[in-house]
Amino acid sequence: MQKLLLTIDKISTQVGQAFAWLIFALTLMITWEVISRYAFDNPHPWAFDVMSMMYGSLFMMAGAYTLSKNGHVRGDVLYGFFTPRLQAGLDLALYIIFFIPGIVALAWAGYEFAGESWAISEHSNITADGPPVYPFKTIIPIAGFLLLLQGLVEIVRCVVCLQTGEWPDRGDDVDEVDVEKLKEMVHVKDEDIAKLDAYVVGDKGAHK
């Protein structure tokens with residue numbers, strides 16, 4: 001079971017990391033458009049539409065990735081003081097009552113939304129001869145499906161935590177630097193750091 005959970009975590013992570021490159025592409029495109037508009041007086045009417053679709057795709061496809069890392073915003077003021085079992089019970093109730101119905105509705109509505117867009121070969125009407133939007137709208141049901149799949153994984157984690165009293169492990173990914181873990185990796189102790197500080201301070205004092 002744990003292997004299956006980590007496999008789905010890995011899928012969510014890889015999809016999120018792949019779409020994260022849109023940040024780089026979006027930065028380049030905005031820079032190019034600003035230079036083209038103000039330096040060469042040659043703005044592109046479709047640029048705004050494309051930028052919006054790129055950002056929207058990034059935002060939607062990062063949902064499952066963020067959920068797999070337990071990164072969505074929650075009221076941690078009280079939640080962090082609860083026992084793992086109480087946390088799991090609250091999460092499980094919220095997933096069943098709110099998350100699953102909401103995401104199923106998103107995926108289903110997005111599927112119909114995208115289907116209608118493909119049927120009419122829809123293009124943006126913000127500007128004349130706007131770019132096609134049906135590929136972008138296809139992202140909606142895909143993102144909904146991935147988010148639903150990751151949500152089911154989180155429900156299983158809640159059930160496991162209710163049974164064992166501990167949260168199951170999650171897949172590794174880039175995190176903020178943990179100083180204590182970094183010390184363990186390089187085999188450095190607080191006493192060593194203190195000795196180095198004393199040596200550096202003493203050495204500076206000797207050269208005054």
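The largest share of the lining of the largest cavity, 3 residues, comes from α6. The model on the screen is predicted, and local features are reported at pLDDT of at least 70, side-chain atom pairs at pLDDT 80 or more, and totals for chains, interfaces and linings over all residues. Residues are numbered from 1 along each chain as its sequence is written, and side-chain values use heavy atoms, without hydrogens or water.

**First stop: the cavity**

Select Met60, Met61, Gly63, Ala64, Ala143, Leu146 and Leu147, which line the largest cavity. A cavity here is a set of points, on a 1 Å grid over the protein atoms alone, where a 1.4 Å probe fits but cannot get out; a lining residue has an atom within 4 Å of a point. The structure holds 1 cavity of 30 Å³ or more, and the volume of the largest cavity is about 30 Å³. Such a volume is the space filled by probe spheres set on the points, with grid points joined across faces, edges and corners. Two or more lining residues come from each of the elements α2 (47-61), α3 and α6. Helices are DSSP runs of H or I with at least four residues, numbered from the N terminus.

**Second stop: a network of charged side chains**

Next, select Asp9, Glu154 and Arg157, which are linked in a network of salt bridges. Side chains of opposite charge can pair when their charged atoms come close. The rule applied here asks for a side-chain nitrogen of Lys or Arg within 4 Å of a carboxyl oxygen of Asp or Glu, and by this rule the count comes to 4 salt bridges.

Where do Arg157 and Asp9 lie? Arg157 belongs to helix α6 and Asp9 to helix α1 (residues 2-38), so their pair ties together parts that are 148 residues apart in sequence. Their side chains meet at 2.3 Å, N to O. Arg157 is buried, with a relative accessible area of 0%, and Asp9 is buried at 1%. Buried means under 20% relative accessible area, exposed means over 50%, and partly exposed lies in between (1.4 Å probe, protein chains only).

Now show the other partner of Arg157: the closest N and O atoms of Glu154 and Arg157 are 2.9 Å apart. Both residues lie in helix α6, 3 residues apart, about one turn of the helix. Glu154 is buried, as is Arg157.

Select Arg37 and Glu33, which form a salt bridge with their closest N and O atoms 3.6 Å apart. Both lie in helix α1, 4 residues apart, about one turn of the helix.

A search of the whole structure finds 6 aromatic pairs. Select Tyr95 and Phe99: their ring centres are 5.2 Å apart and their planes stand at 85 degrees, so the pair is edge-to-face. Rings of Phe, Tyr and Trp (its six-membered ring) pair if their centres lie within 6.5 Å; planes under 30 degrees apart count as stacked, over 60 as edge-to-face and the rest as tilted. Tyr95 and Phe99 are 4 residues apart in helix α5, which means that about one helical turn separates them. Tyr95 is buried, with a relative accessible area of 11%, and Phe99 is buried at 17%.

Then select Trp118 and Tyr134, whose ring centres are 4.6 Å apart with planes at 55 degrees, so this pair is tilted. Trp118 lies in helix α5 and Tyr134 in helix α6 (residues 134-164), so the pair ties together parts that are 16 residues apart in sequence. Tyr134 is buried, with a relative accessible area of 17%.

**Last stop: two loop residues**

Select Asn70, in the loop between α3 (63-68) and α4 (76-79). Its phi is near 55 degrees, a positive value in a residue other than glycine. Asn70 is partly exposed, with a relative accessible area of 38%.

Finally, select Ser121, in the loop between α5 and α6. The phi of Ser121 is near 50 degrees, again a positive value in a residue other than glycine. Ser121 is partly exposed, with a relative accessible area of 37%.

Key:
On a 1 Å grid over the protein atoms alone, a cavity is a set of points where a 1.4 Å probe fits but cannot get out, and a pocket is an open set with protein on both sides within 12 Å along at least five of seven lines; lining residues have an atom within 4 Å of a point.
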